[in-house]
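Visitor: I have a model open and would like to learn how to read it. Could you walk me through its features?

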Amino acid sequence: MKKFIALLLLISFSSLLFPNSTSPEPYGENEFPDWANYLRRYEVITLGSLPFTTMGVTTIYTLYRYIDKDFDKNYIPNPFALTSSAANLDSDEQKFILLTAIGTSIVAGTVDLIIHVIKKEKAKKKNSQIFERDVIIQNKIDE
């Protein structure tokens with residue numbers, strides 16, 4: 001066991017014992033294709049919005065259920081309930097909330113992707129029109 005811990009420590013701190021003389025270079029502007037950047041942005045937006053959409057869908061659903069049950073005190077909305085029994089949700093309601101939140105996150109990521117792609121393509125088109133004109137360079141002769 002002691003040998004394993006010593007080996008683990010050696011591996012963990014090997015960068016201090018054997019420093020690398022080269023430093024990493026930052027990514028270049030055109031190092032990744034556009035589709036990879038779009039996919040990464042879509043992934044970040046979709047997964048990043050999931051906690052917020054889950055909280056929103058839970059709040060809206062429990063509020064709807066509270067109103068639908070004629071304001072029964074057993075169905076008071078509590079989006080911060082620690083357990084499903086405290087929130088008074090059965091498994092079908094939990095599945096509905098989770099699937100709706102996932103769908104909402106996918107829609108948010110897709111809408112962001114569409115807007116981002118359209119803006120990027122418009123900018124490319126505008127830049128290509130600017131550089132379509134012929135540039136004439138003339139030597140100026142000092143007299």
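Guide: Happy to! Helices and strands here are DSSP runs, numbered from the N terminus. Read that way, this predicted model follows the pattern α-α-α-α-α along its sequence.

Visitor: How many helices and strands does the protein chain have?

Guide: The count is 5 helices and 0 strands.

Visitor: What share of the residues counts as buried?

Guide: Buried means under 20% relative accessible area. Of the 143 residues in the protein chain, 13% fall in that class. The accessible surface comes to about 12600 Å², and carbon and sulfur atoms hold 63% of that area.

Visitor: Which residues make up the largest nonpolar core?

Guide: First the general idea: in soluble globular proteins, nonpolar side chains tend to be buried together. In this structure, the largest nonpolar core has 6 residues: V57, Y61, A87, L89, I97 and A101. Helices α3 (34-68) and α5 (91-130) each supply at least two residues of this core.

Visitor: What does I97 touch, leaving out residues up to four places away in sequence?

Guide: I97 touches T54, V57, T58, Y61 and L89.

Visitor: And T46, is that residue buried or exposed?

Guide: T46 sits in helix α3. Its relative accessibility is 11%, so T46 counts as buried. Beyond its neighbours within four places in sequence, T46 is in contact with S105, I106 and G109.

Visitor: What share of the contacts with a separation of 6 or more joins residues 24 or more positions apart?

Guide: For the protein chain, that share is 68%.

Methods:
Residues numbered from 1 in each chain as written. Predicted model: local features only at pLDDT ≥ 70, side-chain atom pairs only at ≥ 80, totals over all residues. Heavy atoms only, no water. Core = buried A, V, L, I, M, F, W, Y, C linked by side-chain atoms within 4.5 Å. Buried < 20%, exposed > 50% of the residue type's maximum accessible area, 1.4 Å probe, protein only. Helix = DSSP H or I, 4+ residues; strand = E, 2+ residues; numbered from the N terminus. Contact = heavy atoms within 4.5 Å. Areas by Shrake-Rupley, 256 points an atom, 1.4 Å probe, with all protein chains shown as cover.
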